[in-house]
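Reader: I have the sequence and the coordinates open. Can we go through some of the contacts, and begin with the terms you use for burial?

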Amino acid sequence: MANTIVVGAQWGDEGKGKIVDYLTEKTDVVVRAAGGNNAGHTVINDGTKYILHLIPSGILWDGKLCVIGNGVVMDPLGLIQEMNKLRGQGVRMDPSNLLISETAHLVMPYHKALDLAREARLGDKKIGTTGRGIGPAYADKVERGGLRAVLLTQPEVLKVELAARIKWHNQTLRAAGVAEVPEEETVKEILEAAAVLAPHICNTAVVLHEAIRAGKTMLFEGAQGTYLDIDHGTYPFVTSSNTTAGGACTGSGVPPRKIDKVVAVSKAYTTRVGSGPFVTENEAIGDMLHNMGREFGATTGRARRCGWLDTVLVRYAVMINGADELAITNLDGLDGLDTIRLCTAYKLRGTVLHHPPATAADLEACEPVYEEHQGWKQDLSGITRYADLPGLARKYLDRIAELAGARISLVGIGPAREQTLVA
């Protein structure tokens, strides 16, 4: 398999973890290049449900190397919890199959406190973050005041640097009227985490380039989706990293000329979590999916906002990511509908738009332009070949491909690994 970047074409939660898990069979190295444990990937294999936040989905396959890249902000305490949970499910993890970039920045307890304090201050204008400290950690990185994973291998230096950061950030928390982070307790638990994680930490850029020279193939796993990208998303309702394809290169140290393919993942409908504009949001669709037990966040458990598929967003995501292929997930979520709508354009104050406007206020003011498709009214979950999909389902998929400007290569009709059809 070629070196491939997998990105989300919506606001995240598109099912990227399932697609990465499926594609991992034919790859050697799986790299997580951006974001933190505010992302959650759910993978179901042999009836077991695995939820991953920082660890690449490739960890569920034997013989694969998984890398947490330099673009990630890593919560060491959260990572250890995740490792322990996966080990309890029989997943093997050691320095031979899980490596952490020495230049990945660390999410500390004070980042979480700052995150929650900021959201509380914003009130009804809050971004809707997960409260995992991601934004403040990236802010420290950009302000050149962050702590990097290499310090987990230097406990004496880490102890001094961490204590100084806690004192500094506690001033901000105190001024905000928020409980301060306990210095002694925090330093102790981070040093304990450092002892566990240190053997996994190295210069992963060198490891990845050695793998390329050895002819090994790579899969770059996206966190969140295109419209949470700090530059290209629905700002300010975005995350703090580059979630588009370019972020895979800057977040791993692998140059663009070594990338062969980009796969964009989209649900057969649209969802988002948190605040911000959502042109095709539809309460009835949300109620239907929630009543089916679908569309609850893997990280927070929050019910996702739901609506019809917005191909304006998908088309733009295909363009800016340079996507060669589309993977459509959750097609089976539409099985019971008589009529299915597709948003093909927006109307903004009388003007028809075929790409999203730059401001959240303008996107909020957009009205969807819909076309209707007849539903297939058939349970898709047991189908094993793309050719056996009902004609109306294939017609719907063909129209998505036409509107998005990319061919569909994979279709998900259920959560299990085997419920993935090759188009």
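Author: Buried means under 20% relative accessible area, exposed means over 50%, and partly exposed is in between. This is a predicted model. With those cut-offs, Asp13 is partly exposed because its relative accessible area is 24%.

Reader: How many salt bridges are there by your rule?

Author: The count comes to 21 salt bridges. One of them joins the side chains of Arg304 and Asp13, at 3.3 Å from N to O. Arg304 sits in the loop between helix H9 (283-291) and strand S13 (305-307), and Asp13 in the loop between strand S1 (4-8) and helix H1 (16-24), so the pair ties together parts 291 residues apart in sequence.

Reader: Is Arg304 buried or exposed?

Author: Arg304 counts as buried, at 10% relative accessibility.

Reader: Which residues are linked with Asp13 and Arg304 in a network of salt bridges?

Author: Lys267 and Glu295. Together with Asp13 and Arg304 they are linked in a network of salt bridges.

Reader: What does Asp75 meet in a salt bridge?

Author: Lys112; the two side chains meet at 2.9 Å, N to O. Asp75 is in the loop between strand S6 (73-74) and helix H2 (76-88), while Lys112 is in helix H3 (residues 109-122), so this pair ties together parts 37 residues apart in sequence.

Reader: Which backbone nitrogen does the side chain of Asp75 reach at 3.0 Å?

Author: That of Leu77. The backbone nitrogen of Gly78 also lies 3.1 Å from a polar atom of the Asp75 side chain. Leaving out residues up to four places away in sequence, Asp75 touches Asn37, Leu54, Val107 and Lys112.

Reader: One more salt bridge. What about Asp338 and Lys377, how far apart are the closest N and O atoms?

Author: They are 3.5 Å apart. Asp338 lies in the loop between strand S15 (325-329) and strand S16 (339-348), and Lys377 lies in the loop between strand S18 (367-374) and helix H12 (391-404), so the pair ties together parts 39 residues apart in sequence. Asp338 counts as exposed at 54% relative accessibility, and Lys377 as partly exposed at 48%.

Reader: Switching to helices. How many residues of H10 are buried?

Author: Eight of the 11 residues in helix H10 (residues 311-321) are buried, and the helix is mostly covered. The buried ones are Thr311, Val312, Leu313, Val314, Arg315, Ala317, Val318 and Asn321.

Reader: What caps the N-terminal end of H10?

Author: Asp310. A side-chain oxygen of Asp310 lies 3.0 Å from the backbone nitrogen of Val312.

Reader: Which residue follows H10?

Author: Gly322, and its phi is positive, near 65°.

Reader: Now H5 and H6. At roughly what angle do the axes cross?

Author: The axes of helix H5 (residues 155-175) and helix H6 (residues 183-197) cross at roughly 145° and come within 10 Å. H5 passes H6 in a right-handed crossing.

Reader: Which residues meet there, between H5 and H6?

Author: From H5 they are Pro155, Leu158, Lys159, Leu162, Ala163, Ile166 and Lys167; from H6, Glu183, Thr186, Val187, Ile190, Leu191 and Ala194. By class, this contact of H5 with H6 has nine nonpolar, one polar and three charged residues.

Reader: Why do residues three or four places apart in an α-helix point the same way?

Author: An α-helix has 3.6 residues a turn, so residues at that spacing point the same way.

Reader: Back to the loops. Where does Thr234 lie?

Author: Thr234 is in the loop between strand S10 (218-221) and helix H8 (245-250). Its relative accessibility is 7%, so Thr234 counts as buried.

Reader: Which side chain does Thr234 join in a polar contact of 3.2 Å?

Author: That of Trp11. Setting aside neighbours within four places in sequence, Thr234 is in contact with Trp11, Tyr227, Arg272 and Leu363.

Reader: Last one. Where is Thr351?

Author: Thr351 is in strand S17 (residues 351-353). At 43% relative accessibility, Thr351 counts as partly exposed.

Technical notes
Residues numbered from 1 in each chain as written. Predicted model: local features only at pLDDT ≥ 70, side-chain atom pairs only at ≥ 80, totals over all residues. Heavy atoms only, no water. Helix = DSSP H or I, 4+ residues; strand = E, 2+ residues; numbered from the N terminus. Buried < 20%, exposed > 50% of the residue type's maximum accessible area, 1.4 Å probe, protein only. Polar contact = N/O pair within 3.5 Å; in protein donor to acceptor, adjacent residues only side chain to side chain. Contact = heavy atoms within 4.5 Å. Salt bridge = Lys/Arg side-chain N within 4 Å of Asp/Glu carboxyl O. Axes fitted to C-alpha atoms, helices over the stretch in contact; angles between N-to-C directions. Left-handed = near helix turned anticlockwise from the far one by under 90°. Nonpolar A, V, L, I, M, F, W, Y, C, P; charged D, E, K, R; others polar.
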